[in-house]
Amino acid sequence: MTFYPTDRIALFIDGANLYSASKNLGFDIDYKKLLEEFRKRGLLVRAYYYTTLAEDQDYSPIRPLVDWLDYNGFALVTKTAREFTDAQGRKRWRGDMDIEIAVDMMEMAGHIDHAVLFSGDGDFRRLVEAVQRKGVRVTVVSTLKSQPPMTSDDLRRQADAFVELADLAGIIGRPSRAASLPRFIQGDSTNHERDMDADA
């Protein structure tokens with residue numbers, strides 16, 4: 001990653017997308033390390049984290065993470081996910097944060113030099129192009145090493161730099177907790193987030 005000491009940096013983290021990518025690669029994100037890493041790279045103006053939360057649900061597996069992020073230096077952007085039943089009769093959750101990410105990045109473009117987008121979603125290609133026209137450099141962080149790859153080729157081409165998430169595992173990651181849990185516990189604790197990922 002190429003950063004200059006005077007860079008004003010903002011992070012835009014698509015929570016569901018980053019969760020899926022890191023799980024695919026077999027590690028969890030340590031958000032404290034992630035924040036520390038980018039604070040070393042320049043002046044970190046803002047670190048946005050975007051996620052949907054299930055409506056009418058007293059407890060969500062993602063709630064402890066959301067609360068921690070909210071108190072530890074992240075600008076949390078949430079909205080309610082909507083429940084629906086898929087063709088197989090399974091309950092799923094729908095909700096994406098594309099518009100929220102696009103609005104915030106466009107608004108921040110006049111106040112930063114470098115935007116770091118944690119998402120491989122090809123829908124962001126035009127957003128990246130628009131922000132670049134305002135003079136902002138854009139780095140995309142996602143992965144090509146998952147099966148299937150989670151990064152759009154168009155987005156990679158548009159970005160000023162692409163960082164393979166697997167290469168950051170030793171810097172901002174920790175071993176996946178689910179991998180060390182018994183299988184019957186893994187299923188219960190990760191189903192909700194997985195279902196949300198599938199539709200985000």
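Gln132 counts as buried because its relative accessibility is 19%; buried means under 20% relative accessible area, exposed over 50% and partly exposed in between, with a 1.4 Å probe and protein chains only. The residue is found in helix α5. Helices (H or I, at least four residues) and strands (E, at least two) are DSSP runs, numbered from the N terminus. Beyond neighbours within four places in sequence, Gln132 is in contact (heavy atoms within 4.5 Å) with Val138, Gln158, Ala159 and Asp160.

The model is predicted: local features need pLDDT of at least 70, side-chain atom pairs count only at pLDDT 80 or more, and totals for chains, interfaces and linings use all residues. Residues are numbered from 1 along each chain as its sequence is written, and side-chain values use heavy atoms, with hydrogens and water left out.

Ser119 sits in the loop between β6 (114–118) and α5 (125–133). Its relative accessibility is 0%, so Ser119 counts as buried. A polar atom of the Ser119 side chain lies 3.2 Å from the backbone nitrogen of Asp121. Residues up to four places away in sequence aside, Ser119 touches Asp14, Asn17, Phe124, Val140, Val141, Ser142 and Leu155.

Strand β1 (residues 8–14) runs parallel to β3, and 7 bridges join the two. Strands pair if DSSP finds at least two bridges between them. Ile9 stands opposite Leu44 in β3. Strand β3 spans residues 43–54 and is mostly covered, with 9 of its 12 residues buried. In a regular strand the side chains alternate between the two faces of the sheet.

The chain as a whole has 9 helices and 9 strands. Of its 200 residues, 46% are buried. Among contacts between residues at least 6 apart in sequence, 70% join residues at least 24 apart. The accessible surface comes to about 10400 Å², and carbon and sulfur atoms account for 47% of it. Such areas come from the Shrake-Rupley method with a 1.4 Å probe; for residues, only the protein chains shown count as cover.

Confidence is given by pLDDT, the predictor's score for each residue from 0 to 100. The chain averages 85, and 81% of the residues score at least 70. Over residues 179–200 the pLDDT is below 50. This stretch has 35 contacts in the model beyond near neighbours in sequence. Where pLDDT is low, the predicted coordinates should not be read in detail.

Terms used: A polar contact is a pair of N or O atoms within 3.5 Å; within protein, one must be able to donate a hydrogen and the other to accept it, and residues adjacent in sequence count only if both atoms are side-chain atoms.
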